[in-house]
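Please look over the structure below before reading on.

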Amino acid sequence: MFINASQDSIANNPTNENVGSYKIEGKITVPPGDNALENTRILIDEGVYVGVPQVDGTFVICGVPSGSYIVSVVSPLHVFEPVRVDINAKGKIRARKVNFIQPGEVVTMKYPLNFETHGIPNYFQKREVYRLTDVIMNPMFLTLLVPLALLLILPKIASQDPEMQRDFQQASNFLQPNINTPEIGEMFANIFGGPKKQKPTQQQIQSNAANSGSVTAQQKRRNEAINKRRN
Amino acid sequence: MRWRKVFETNEYGKIDRIIWYDQESVIISGQGRRARSLRYADGLEVWQLAATTTNTNSNQDTVAKHCQVIKNRYDPGTIHILSDDLLWSVSSYGEMLWSIEIPIKSTLKNLFLLSTSQYVIVGSLDSNSNQLQVTYYSKQDGQQAFSSSLPWSFNAKDSLNKCSTMNNLILCSNNEELSIITIPTTTDDTNVKTRHIKASSKIEQIRILYESTTRSVILIKSDNGETKIYQFNKKESTSEWDFNELNIQMKSNSFISIATDKNLAGQQILEASANDQKLNFHVSTINEQTLTNTRSYSVELPENMGEIEYLAYSVVKNTQLVTLRMQDGSLLVIKLADNGAELILHRDEALSSIISVETFDLSLSITQMRIEEEFGGTGMFSMFTKRISSQVSQLISFFLRLLDLFTHGNRNRDYLDKQAALVRDEFNLNKILIVVTSVGKVFGILTQSGGILWKNFFPNFAPFEHFNAVHVPLFHIRSAAHYTHEPLASIVYRDRNSLHDTHIRTFNPYTGDLENNLTTSSLPYHVKRVFLSTQAVDEFCKVLLFVDTNNKIHTYPSVPLSRALSTTIPTYIYLFDKSEQAFVGYYLSIDENDQKTSTNLKEVWRVSFQNEEVINIHTRLSSDRVHSAGIVLGDRSVLYKYTNPNLIAVVTEGIDYQKVPFVNIYLLDTVTGSVKLSHTHKRVKSPVHIVLSENWIVYTYYNQRYRRYEAVSSSLFEGEAQYNYSTFSSFDPIEPVIQSKAYILPYGVNAIQVTTTEKGITSRDIIMATPNGMLIEIPWILFDPRRPLDLTPMDREEGLIMYTPEIMVNFESVINYYKYVYNIRGIHTVATGLESTSIVFAYGLDLFFTRVFPSRIFDQLKDDFDFMIIGWSTVAFVVGSFVAKRFASIHQTKKAWK
């Protein structure tokens, strides 16, 4: 007979075990003006008992036997922190913080329970917006910027300082590439520039103009030298 | 709908009775143990009370708890509740008036509750002496006033089924006789009077249609279909009643309801009957003995809904309203007016009781079909002509569409949209959900809108039992891939009246039209298990295979087994023997030339469980795909997964020798019968929810010792080397290496499922439905059993996260946002044409459908992708470069002229 009874209790028969005589009371505080209470439910142990709040936010769940329960208030519009409520066999009620990792730890809280909203749950991730600063601060962009700066500034400095110019001249003479190798710029100019502009002197100039981005500083200087000579 | 409150799913939330008042209603739930009052205006609670009991160790035997709730007719603000041995009274203002416990005796069963202006009367049956003990309690304070007893000829069960109470009368049917027992209401008069009404044949049912302090109407239904209605009138200044029969002609299947209104002179009686797709009503006014002013109405129903299950007739502000619940779970509200009856509300409440779900791809559009045909030819020349002709036709149809767009504009957009809804979209995102509900109604639901495409009701439907749940097998007989043939789906169910009869219904999932060739009402054998053939037989159709109670296998429709099942791969079947708690594996030998359509099974293994009960099994999804055979570790070596497709998870429950409850989880190979994994959890409570996929299992349970929900994740690995890289066989001598970790869940679990994608490349997410109404999407990486306790650089290289016992869930992973869904029982996931996307359909009391992207959207553009900016900036760059070129050349020329 005894074994039968214990088996019944394990088989989660709520009519015998779960109906007790104690009640859990509390109050839900939501900002005034929103009717969030209508969609708010009070769950004890994830729905073993379900409570409905009253107009002023208070709630009562009756018929709870002694034991330890997690009381959570659920609302789609507000976040509430769950509370563990212990009812001992004599009916004394204690509320404490929920700690799943150390269930024995006791950090007592106020009873009757008071649930205050911890803000609105954030269900959404912020959408990424296109911002110019993101592009500029991009490391790829910065690595591009340095050669560009060199490309623009170096010839300017070189043209102002005659000594440096001489140095460059020497260096360029030294590093003079093979004239016979075809230049990319020329090739493009031949393709895009069309056969109309057949002047051989102009050809080089045009090629530089059209493809200034891809021309190295060296070539540019060489062209300048050519132009100067012509003048 | 204004508001809705969802109570507990356990017995405690079951509503026993609702008593309606003007502003609020009192709901008695939990077998008469709790009373709560809810306001009509916003559904908020006004008060709540629970009965207090001191004896919780009551000697409950097999007789179910019995609860009776009555509103005192003489004092409408008082409610009396009898819950087994507890009698209590509450007022409608939320005041507990009194509560007493009736002394318990094992032979005494409290059955009847009656009330008068002064007393609350409990009739209890003493099974020893076969006497009904009638005890009077004071209405004011519950004090026992006096008691009497009278002879009683029914036993407890019969008394509950065959008797009803009404005012101070107990009405009991005894075969062809109705006994009316008058219980005296005052202490002076102790005479119990019994009178009888004779019926023509055995009385089936007594229903009280109307009850007031002076007048009552009852209905007596006999098993030959005869229905009689009696009217009771109270005699002046006595507790006795006169009765007379009302002469009303009724059909055998009709329902009766009575309404009163202050404005009406008497009561109005409504007779309703369902006839195919038509509801017929007859409304009359009750005069002394006859009915007058009979009016008839009829309403054409939009579909077949079966018989009436519940009927209520009410007159609200001179509007006659009829509320019906039909056999198929539909809720109907019909307004009766002078110009006829009108259906003003129809809700398919059956959708809250879904038990099986399948998804079907939509059919290909005509152009998609042409593309399929384009590559269909065989010879070189025919292939060439086919391609040319189909491309020409595509071009023509494109021009026709353009022409149509210019000439008609938006005029037939609606029609086109409707057509487009049934045609597969580019990425196969939209599908048709076929859901089977426990009442026997099958729905076809379009996923993009949630609209119901069609519904079919099978009146004699009863689901199969599957461990502790109900189950209806639903199969893809022919998939949508064969565009020349329409797809087919089959359901298999039992007959409601004779549970051994099995019905098969095959239908087109797009229209719900039954395919009569593949529909049968009864099979000549008792079915134990049903599954689908591995090979298509005729016209791309698969056949159903049945295992009967004699362990013989049959095919439906009858085809040779050698055609239905592969003859090269051996077939193993497992069955569960409930009486022995054993899984039994069978081998099915098929000869290639054999033309037999049924054969016996040969037992090859048996796994039996002692001292533990199998409570559930879980199989992997049939759509489960494993993309990679192993995991690349941090040191560039490979850890091979043990991906055994034949594994099932078995959950057992029991109590060990120390009286500690435990739950065991096994992974059972259904081909060899070997157990690959076994876990024991002590002091753990079911339900255990399982996800089994690839080489891993995740399951959740409630830990009673630490009072928290936990999840255990285990992975099976072959090790550093793979035994056979091309195919897997259960007979290979592989001992899988198991790694496990347990995690703490922040919420409880109602259902879990894993996302499914087409090729299985996308990482997996676990979808979890929680009791608080959220659907949470958690990456499986968080459940990974290989999460290390301390993170080494090698683990970091591999992308593992350090182990933390708690699984943190933030609100960003809630996929149903503000739309909370309650009491979810299952989640269905399906792959789409896009590898990144998985479809999620959660069902239970509420339904929820969405798409999830476990690895983010990696194969499609974001929905805010701006095509205009990209287009215009490209144009601007081209134009700009030409302009710049022109300017540069001018500049250079000028420079040259200097």
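Predicted model: local features only at pLDDT ≥ 70, side-chain atom pairs only at ≥ 80, totals over all residues.

**A serine and its surroundings**

Leaving aside neighbours within four places in sequence, B:Ser713 is in contact with B:Ile697, B:Val698, B:Gln739, B:Ser740, B:Lys741, B:Tyr743, B:Trp780, B:Phe783, B:Asp784 and B:Pro785. The serine belongs to strand β54 of chain B, which covers residues 708-719. Because its relative accessibility is 0%, under the 20% cut-off, B:Ser713 counts as buried. A polar atom of the B:Ser713 side chain lies 2.6 Å from the backbone oxygen of B:Phe783.

Apart from neighbours within four places in sequence, B:Phe783 is in contact with B:Val698, B:Ala711, B:Ser713, B:Tyr743, B:Leu745, B:Ile766, B:Ile778 and B:Ile807. B:Phe783 is also, together with B:Trp696, B:Ile766 and B:Ile778, one of the residues that touch the most other members of the largest nonpolar core, which has 28 residues. Two or more residues of this core come from each of the chain B strands β53 (696-703), β55 (737-745), β56 (751-754), β57 (765-769) and β58 (775-779). In soluble globular proteins, nonpolar side chains tend to be buried together.

Not counting residues up to four places away in sequence, B:Val604 touches B:Tyr572, B:Gly585, B:Tyr586 and B:Tyr587. From B:Val604 to B:Ile183 the separation is 421 residues in sequence, and their C-alpha atoms are 68 Å apart in space.

How far can these details be trusted? Chain B has an average pLDDT of 84, with 94% of its residues scoring at least 70. Over residues 56-63 of chain B, however, the pLDDT is below 50, and this stretch has nine contacts in the model beyond near neighbours in sequence. For the model, the scores are ipTM 0.81 and pTM 0.84.

Chain A carries an annotation from a record: an unreviewed UniProt entry assigns residues 35-142 of chain A to "domain: ER membrane protein complex subunit 7 beta-sandwich". In the model, that span is 35% strand and 8% helix, and its end C-alpha atoms lie 53 Å apart.

How values were computed: Residues numbered from 1 in each chain as written. Chains lettered and ligands numbered in written order. Heavy atoms only, no water. UniProt positions renumbered as here; feature names shortened; annotations may be inferred. Helix = DSSP H or I, 4+ residues; strand = E, 2+ residues; numbered from the N terminus. pLDDT = per-residue confidence, 0-100. Contact = heavy atoms within 4.5 Å. Core = buried A, V, L, I, M, F, W, Y, C linked by side-chain atoms within 4.5 Å. Buried < 20%, exposed > 50% of the residue type's maximum accessible area, 1.4 Å probe, protein only. Polar contact = N/O pair within 3.5 Å; in protein donor to acceptor, adjacent residues only side chain to side chain.
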